[in-house]
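Biologist: I'm new to this one. Can you walk me through it?
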Amino acid sequence: MMNPYQMKKEDVLKMLGTDENGLTQNQAKENQKKYGKNELAEGKKKNPFILFLEQYKDFLVIILIIAAIISGVLGDIESAIVIFVVITINAILGTVQHIKAEQSLDSLKEMSAPTAKVIRDGEIKVVEGKDVTVGDIVVIEAGDYVCSDGRIIENASLKVDESAMTGESEPVEKQETVLDGEKPLGDRVNMLYSGSFATYGRAKMVVTSVGMETEIGKIASLLKSTQEKKTPLQESLDNFGKKLSLIIIGICVIVLGLELFRSDGINLTVFTDAFVFAVALAVAAIPEALSSIVTIVLSVGTQKLAKENAIIRKLQAVEGLGSVSIICSDKTGTLTQNKMTVQKIYFDGQIIDKDDEINARQGQLIIDGALCNDSVQKEGQEIGDPTEIALVNFSEKHDLPVEKMREKYQRLGEIPFDSDRKLMSTVHKIGGNYKMLTKGAVDVLSGRINEVKTMDGKRPFTAEDLAELKKVNTEFSQMGLRVLAVCERDVDTVDISVDDEKDYILLGLVAMQDPPREESAEAVRKCKTAGIRPIMITGDHLVTASAIARKIGILDDNGRAVEGREIENLSDEELDEFVSDVSVYARVSPEHKIRIVSAWQRKGYIVSMTGDGVNDAPALKQADIGVAMGITGSEVAKDAASMVLTDDNFATIVKAIENGRNLYRNIQRAIQFLLSGNTAGILAVLYASFMALPVPFKAVHLLFINLLTDSLPAIALGVEPHSSDVMNEKPRPKNQSILTKKVLTNICVEGIVIGVMTMIAFYVGFMRNAEVASTMAFSTLCLSRLVHGFNCKSDKPVWFTKKMWNNKSMIGAFFVGFVLLNAVLLVPALQGIFAVAPLTIAELLTVYGLSLGTFVVVQILKMIRK
């Protein structure tokens, strides 16, 4: 079946069972039943309680629940309560984050036009946008939002801003003409699409699709079917959690077996004691606070990013952004200013840059362009075609006030712009004569010129002048500039017609462009230095996109620029090969964007997608990290993204990447800190088990360390001062675990050091009794881990350096932990709660000395390694 844009309007009307008088009220009601409301369907949302329960599916959480239940049954109520409180807090945090993230379809629904002017029963009526149906005739005027998709049946110079749908920066001139063959969305000039905006002229369209069948509806369907990706840290921690769970279960079974094997006979008491021992080991092994601490560190990171104009919508995007290796960026409004600006003018054989001085003769070219112009400024707002606004702004920039000139040289006649003629003409009384000013396409005007204005007056327009004009026009076009010719002629009357658009005097050419942001080139350079490849994906034309990409450094001699249609018939395998050397994609559809992002993901890259339009939303969601523009961005794009830039500045992404990399490094340090301490606890318990010694810790001891004294140093490591040297590193491979070989080695070595000091303390205390031994082991392990926070600040020695003291949070965390520990050891009321025995001064000093010893030994090891 042919698409409406390939059919004559009469055939479209017949196919839809309507005519230019519109539907009757009864027909409209029947069609509403048949095609549904003109609104986007909302997917079924999960019940918040179900979401809350799903947070408990994590394997580590299940083990903790089992440990808590067993502890409660065996009488250790305190441990059970603490465990349940921690995992419940984590579940609440996870639920809240999920609910906040699911808003894309709601914003899409809000984009539907609230009202529309339709012709029903032969009369124009205003109806709610949701009541527009297939077959309705809709009247569109400048300033109107388009309420549904439709085929134009009557057109009067309509221009429509489709940037949210297609990414094209300039309003599109619409036509009624039938189009041949398949056309991408941006080239269907006889169609209007829901969510676009009329900037000029007027038209009538017949509605061809509503609701989920519109192009916005298809994007909504893509959003529903697009799965969000876990960030590298999520995947890494998930994998680590599964492996750790299996290791813990294995060790607990071995320890339980050893305890039962060594007992003289197995009875309930013996089995219970052995089980408590195994549970203590599980509690020691599982970093209960890890999930909470990572969440807190990422939250603190989001506050820092917010101050630098990057709002994080999904916490884990912070670290994910730091590992991005591909940035697929939209052009319009992201890399460019989304505002047409005059770049160059051509007058009397001379090309003049936008910032050069302009004399009176050259100024006449600018004045004529501003007079033959419909754009206006009202209450600080610029209204009109972006090309005309650019001419007015350029005039004002060169101290040629437009409003004063319009008052002095009032418009007395006009021929409005027409997309077929590609011209606009106005008549003004200048110097006592009527002058017709015309601006339009160079190829149209070049054959109608008789004379040319020069610095010395005017002279005949020669064949050499024509050749030069075409040459300059080509040069400007290859630079991605939009070129207008400006001409004038004397007329005898204000009643002009298209027949008068001839015998012109050429004033010159004006070349304009939606220019790159000033920061874009430097941001692209920094991306490349950091091993990140920027790629432009836009709905704009290939020449324009390529010119911008070359100017800011995305496109070089090693890259290619292609149109989206080139990938339509490629299989996924062919596309994976194709994308490697392509730096610019032009005239793309939302489906193209998703395929390009997916191709890079299949190749093992971590992909970020930036954009601002509705058409970007599915790819933003598909990408590992979606980045939306906050000022020009649609609500749909913002809701689908992981991060929103409040200044719409591509350079902010580079700052965010630097922050992301630093945060990832800090989280890695926090994890190293937690796991090295937990390793020490595991080794101490295993040693005691193999040596037939009493259990060195109570479960409540280990929870006190993991949840109270460990949490603060881990969080402090998460806010360790950032360093710019991270941007000299290449992005981490996608499959690289956060627990690299280097980190695991540090965890094991440092865990052994802390474990040895802990068991020395245990033996010292055991000379008095088992309770004192347990208390000294617990105290030494706790204080050693507090001191160990300073070890984890760097892979290099930090003692005797400023780095030792550059983190006030770490110093504060140490003192808070130190005070809490001493309160437990010295306050009688707390001694009973935390199952500790009173210590002598000598024993207390021994704990302090052994704990400080862990710091000294680890610092010496770092010096040896260096």
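Modeller: Here is a short tour, patch by patch and helix by helix.
Modeller: This is a predicted model: local features need pLDDT of at least 70, side-chain atom pairs count only at pLDDT 80 or more, and totals for chains, interfaces and linings use all residues. Residues are numbered from 1 along each chain as its sequence is written, and side-chain values use heavy atoms, with hydrogens and water left out.

Biologist: Which residues make the nonpolar surface patch?
Modeller: V749, L852, V856, V857, I860, L861 and I864. Together they make about 530 Å². Patch residues have over 30% relative accessible area and no salt bridge; nonpolar side chains (Val, Leu, Ile, Met, Phe, Trp, Tyr) are joined within 5 Å, like charges within 9 Å. A salt bridge is a side-chain nitrogen of Lys or Arg within 4 Å of a carboxyl oxygen of Asp or Glu. Areas come from the Shrake-Rupley method with a 1.4 Å probe.

Biologist: Which helix gives the most to that patch?
Modeller: Helix α31, residues 841–865, with six residues. Helices are DSSP runs (H or I, at least four residues), and strands are E runs of at least two, numbered from the N terminus.

Biologist: What about L861: where is it, and how exposed is it?
Modeller: L861 sits in helix α31. L861 is partly exposed, at a relative accessible area of 34%. Buried means under 20%, exposed over 50%, and partly exposed is in between.

Biologist: Switching topic. Which residues form the negative patch?
Modeller: E10, D11, D19 and E20. Asp and Glu count as negative, Lys and Arg as positive. E10 is in helix α1, residues 9–15.

Biologist: Now α21. How many residues does it have?
Modeller: Helix α21 has 13, residues 590–602. From first C-alpha to last, α21 reaches 18 Å, close to the 18 Å expected at 1.5 Å a residue. That expected span is 1.5 Å times one less than the number of residues.

Biologist: How many of its residues are buried?
Modeller: 10 of the 13, so α21 is mostly covered. Among them are P590, I594, V597 and W600.

Biologist: What comes just after α21?
Modeller: G604, with a positive phi of about 95 degrees.

Biologist: Where is L305, and is it buried or exposed?
Modeller: L305 lies in helix α11, residues 290–307. L305 is buried, at 2% relative accessible area. L305 and G660 are 355 residues apart in sequence but 9.1 Å apart in space, C-alpha to C-alpha.

Biologist: And where is M191?
Modeller: M191 is in strand β6, residues 191–192. M191 is buried, with a relative accessible area of 5%. I153 is 38 residues from M191 in sequence and 9.4 Å away in space, C-alpha to C-alpha.

Technical notes
Buried means under 20% relative accessible area, exposed over 50%, partly exposed in between (1.4 Å probe, protein chains only). The place of a charge is taken as NZ of Lys, CZ of Arg, CG of Asp or CD of Glu.
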